[in-house]
Amino acid sequence: YRPELMSVIVVGDIERDKAEKLIKKHFSFPGPQTPVSRPEYTVKPGNETEICKIPDPELTYATVEISVKTERPSRKTESDYRRMLLESLAWSMFNNRLDEIARKPEPPFIGAGGGAGQIVRTAGNVSVYASADTDMVKEALSALVEETERVSRFGFTDAELDRKKADYLKSIEEYYLERENIPSSSLASELTDFYLKDIFMPGADAEYELYNRLVPGISLEEINQFARNLLPAKGRTVTVIYPQKAEVPGVAELTSIAESDGYIILEPGEVVKKDSITDVYCYNSLKELF
């Protein structure tokens, strides 16, 4: 709680001068005479597949996730904002595909999704995840690998992108029209993320303008170029959280599925269940964490 590292955020129905006086009264205190620099720890992307199995006595179903550590993305300029929109469109279309699979008869998972995030101040990550019955862990993981590989090989379609662009523009229109009714807590959270994580904070007016100017110009070619590496093949961490008494696949089998991208026979827009997927043997080092 050193003063030079602190920011006090106040959002609400309060007079500015009154808020400033209260902040000075309660938060004015001297810092150390010789402050120590706050350390910054880096998290480097990995190269090997890691398996993390976590039993939980309170769970009634399993969660499967494939995550990859990435470099921390820059989120300061307009070009960064455009890149964020492009990546968001791609992930949103990918999630729509997972939703369609979940609605099919006898799906491999109950629900699934994916996206990009920030794990610590210095590193980001991308991940795909699924919730499944405990006897469907292998099928859920296989489906996640297959769908990310399908997008990598074949990309998305014009129709998918057109629908998603329309959704985004409609969403920002609704947000803009309701900008005077945004809860104070949401504004405070946005300010906190801006201060701690350098995340964009353009405000409703600027975001409305940016969306309407940038989204229409994002091309399918750009989207599919990004989708080729939606979930990098190297450095994957497979995490399985499951009921304590349930039986789930072992490390070798989970690793084999996670690394089987190039062995899968796929067609655009068609889910192909490959029963022999676990027969692929991988020589990469294995690591199990408990």
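Glu 78 is partly exposed, because its relative accessibility is 41%. Here buried means under 20% relative accessible area, exposed means over 50%, and partly exposed lies in between, judged with a 1.4 Å probe on protein chains only. The model is predicted, so local features need pLDDT of at least 70 and side-chain atom pairs count only at pLDDT 80 or more, while totals for chains, interfaces and linings use all residues. Residues are numbered from 1 along each chain as its sequence is written, and side-chain values use heavy atoms, leaving out hydrogens and water.

**Salt bridges**

Glu 78 forms a salt bridge with Arg 213. The term requires a side-chain nitrogen of Lys or Arg within 4 Å of a carboxyl oxygen of Asp or Glu. By this rule there are 14 salt bridges. Glu 78 sits in helix H2 and Arg 213 in helix H6 (residues 204-214), so the pair ties together parts 135 residues apart in sequence. Helices (H or I, at least four residues) and strands (E, at least two) are DSSP runs, numbered from the N terminus. Arg 213 is partly exposed, at 40%. Glu 78, Glu 209 and Arg 213 are linked in a network of salt bridges.

Three of the pairs are listed here.

| Pair | Closest N and O atoms |
|---|---|
| Glu 78 and Arg 213 | 2.8 Å |
| Glu 87 and Arg 83 | 3.6 Å |
| Lys 138 and Glu 253 | 3.9 Å |

Lys 138 lies in helix H3 (residues 137-154) and Glu 253 in helix H8 (residues 251-258); this pair links distant parts of the chain, 115 residues apart. Glu 87 and Arg 83 are 4 residues apart in helix H2, so about one helical turn separates them.

**Strands**

Now for the strands. Two strands pair if DSSP finds at least two bridges between them. Strand E1 (residues 50-56) pairs with E5 in the parallel sense, over 7 bridges. Ile 54 has Ile 241 of E5 as its bridge partner. Strand E2 (residues 62-71) runs antiparallel to E5, with 6 bridges. E2 also runs antiparallel to E4, joined by 10 bridges. Ile 66 has a bridge partner in each: Val 238 in E5 and Val 128 in E4. Strand E3 (residues 111-120) pairs with E4 in the antiparallel sense over 9 bridges. E3 and E4 form a hairpin, with 2 residues between them.

In E5, 7 of its 8 residues are buried. In strand E4 (residues 123-132), 8 of 10 are buried. Thr 237 lies in strand E5 (residues 236-243). Thr 237 counts as buried because its relative accessibility is 16%. Beyond four places in sequence, Thr 237 is in contact (heavy atoms within 4.5 Å) with Glu 50, Glu 65, Ile 66 and Ser 67.

**The core**

In soluble globular proteins, nonpolar side chains tend to be buried together. A nonpolar core is a set of buried Ala, Val, Leu, Ile, Met, Phe, Trp, Tyr and Cys residues joined through side-chain atoms within 4.5 Å. The largest one has 53 residues, and Ile 66, Phe 94 and Phe 156 are among those with the most contacts inside it. Helix H2 (residues 78-102) gives the most to this core, with 10 residues. Leaving out residues up to four places away in sequence, Phe 156 touches several residues, including Ala 90, Met 93, Phe 94 and Ile 223.
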